[in-house]
Amino acid sequence: MSEEKFTRETVLDVRRWSENLFSFTLTRPAHFRFSAGQFARIGIEVDGEKIFRAYSVVSSPFAEQLEFFSIVVPDGAFTSRLQHLKAGDNLLLEKIPFGFLTLARYQKPLPHDLWLLATGTGLAPFLSMLQDFAPWQQYQQIILAYSVRTREELAYAEEIDRIAQSFGENGANFQFLPIITRDTIAAGDAALHQRLPVLIENGLLEQHAGIPLNPETSHVMLCGNPQMVEDTRNALKARGLSMNRRGEGNIAVENYW
Ligand SMILES: Cc1cc2nc3c(=O)[nH]c(=O)nc-3n(C[C@H](O)[C@H](O)[C@H](O)COP(=O)(O)OP(=O)(O)OC[C@H]3O[C@@H](n4cnc5c(N)ncnc54)[C@H](O)[C@@H]3O)c2cc1C
């Protein structure tokens, strides 16, 4: 990749959520504009070679810094190194953002209910969307369902409450449905424990939200684990919802691998 395609940015802060999850913030160059839901390509240099990976932006499009939420894959070429990141380090950032997991893609049906369904770090693009004004103004209901394996993997729970309080005052009604699939005894505040596609098939997700999944009123975004995305997409299709193409349809997806 030629030098002109990226800039070198400084790591400002690193926050560790668990052994295999952390977040970091970077300086944001003035030219880097993105829509909530888009991803950046971040790079590291190893023995003179550059390795880039896609990372959804967590922060609001209006924020001064860029925040990202990362997994650690123990033998992953990128994250096995990235996990040692500390404030003051440099990372490469491609100059332009990418991706179509944005609310602008929805033309029909008109915005009414927005379902944001994530596994693990797939939460990232939804955090950016929820810190933008558009969804709060356009939708009547926003449901964020966030599925993780263990309680300690439920990163950003307090931030989600704070975001809902500050943005939700005069806008959409917001519901946060955490789902903890493994250590159900320690799950505490999570009432749901099955995988997302199962919760759609058995109706529990709608029951907990008190809102139906409806081809006429639902926009559903899926992000994270490709198996979850595929199975959930199929469960939604079985309920009459359709993939969003050229602006029309209910379901928009992003696979992380
Ligand atoms: C559009 C897009 C946006 C992405 N946004 C993010 C993001 O915001 N945060 C993030 O952590 N990753 C994100 N990813 C995944 C990221 O690009 C890398 O795959 C990840 O950083 C691991 O890199 P690696 O080289 O260490 O391992 P890789 O060789 O890239 O992956 C090895 C294996 O690790 C697993 N894996 C990869 N990514 C994840 C993950 N996020 N969660 C759980 N298991 C995973 C898969 O089994 C994969 O086959 C995104 C991917 C895409 C395509």
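1. Partly exposed here means a relative accessible area between the buried limit, under 20%, and the exposed limit, over 50%. Lys50, with 28%, is therefore partly exposed. The model is predicted.

2. The structure holds 9 salt bridges.

3. Arg8 pairs with Glu45 in a salt bridge, with 2.8 Å between the closest N and O atoms. Arg8 sits in strand S1 (residues 6-18) and Glu45 in strand S3 (residues 39-46), so the bridge ties together parts 37 residues apart in sequence.

4. Glu45 also meets Lys50 in a salt bridge, at 3.6 Å from N to O. Arg8, Glu45 and Lys50 are thus linked in a network of salt bridges.

5. How accessible are the network's members? Arg8 has 41% relative accessibility and counts as partly exposed. Glu45 has 43% and is also partly exposed. Lys50, again, is partly exposed at 28%.

6. The side chains of Arg239 and Glu206 form a salt bridge, 2.7 Å from N to O. Arg239 lies in the loop between helix H7 (226-238) and strand S11 (251-255), while Glu206 belongs to helix H6 (residues 204-209), so this pair joins parts 33 residues apart in sequence.

7. Buried or partly exposed: which applies to Glu206? Glu206 has a relative accessible area of 11%. The buried cut-off is under 20%, so Glu206 is buried.

Notes. Residues are numbered from 1 along each chain as its sequence is written. This is a predicted model: local features need pLDDT of at least 70, side-chain atom pairs count only at pLDDT 80 or more; totals for chains, interfaces and linings use all residues. Side-chain values use heavy atoms; hydrogens and water are left out. A salt bridge is a side-chain nitrogen of Lys or Arg within 4 Å of a carboxyl oxygen of Asp or Glu. Helices (H or I, at least four residues) and strands (E, at least two) are DSSP runs, numbered from the N terminus. Buried means under 20% relative accessible area, exposed over 50%, partly exposed in between (1.4 Å probe, protein chains only).
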